[in-house]
Amino acid sequence: QTGSCLNSVDTKSQVCSLLWSPHQRELVSSHGFSQNQLCIWRYPSMTKITELTGHTSRVLHLAMSPDGETVVSAAGDETLRFWKCFARDSGAKASKAAAGDERSILRNANIR
């Protein structure tokens, strides 16, 4: 039914921004108090896959790279951080890998 709530998740922190992965059934959320982290969630189960930490202040904004693999976060700590969050599907091999692996942070850079 249009307008009905499909799911609700208590993230235990302020939610500041959301981005959907164009390649996976996943999304990334950015947060403020108390952890200042990004979280990657599997959709529609909304199971948390991983938390990405490093910012020392509220994560204010997220943007996706044109290839849909890298997310940049901007925070009140005056840093931009680049995170390798999503991989493109490459057939069955990618499906098997996505089924059980946790995403790892491959690149995390401060720009000041």
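Which strands each supply at least two residues of the lining of the largest pocket? They are β1 (15-20) and β2 (26-31), where a strand is a DSSP run of E with at least two residues, numbered from the N terminus. Bear in mind that this is a predicted model, in which local features need pLDDT of at least 70, side-chain atom pairs count only at pLDDT 80 or more, and totals for chains, interfaces and linings use all residues. Residues are numbered from 1 along each chain as its sequence is written, and side-chain values use heavy atoms, with hydrogens and water left out.

Let's stay with the pocket (an open set of points on a 1 Å grid over the protein atoms alone, with protein on both sides within 12 Å along at least five of seven lines; lining residues have an atom within 4 Å of a point). The largest one has a volume of about 310 Å³, a volume being the space filled by probe spheres, here of 1.4 Å, set on the points. Its lining counts 14 residues, with Asn-7, Val-9, Leu-18, Leu-27 and Met-46 nearest the centre. β1 gives the largest share, three residues. By type, the lining has 10 nonpolar residues, four polar and no charged; Ala, Val, Leu, Ile, Met, Phe, Trp, Tyr, Cys and Pro count as nonpolar, Asp, Glu, Lys and Arg as charged, and the others, Gly among them, as polar.

Now for the aromatic rings. The whole structure holds one aromatic pair (rings of Phe, Tyr and Trp, its six-membered ring, with centres within 6.5 Å; planes under 30 degrees apart are stacked, over 60 edge-to-face, the rest tilted). Trp-20 and Tyr-43 have ring centres 4.9 Å apart and planes at 85 degrees, so they meet edge-to-face. This pair links distant parts of the chain, 23 residues apart: Trp-20 sits in β1, and Tyr-43 in the loop between β3 (38-42) and β4 (47-52).

Methods
Helix = DSSP H or I, 4+ residues; strand = E, 2+ residues; numbered from the N terminus.
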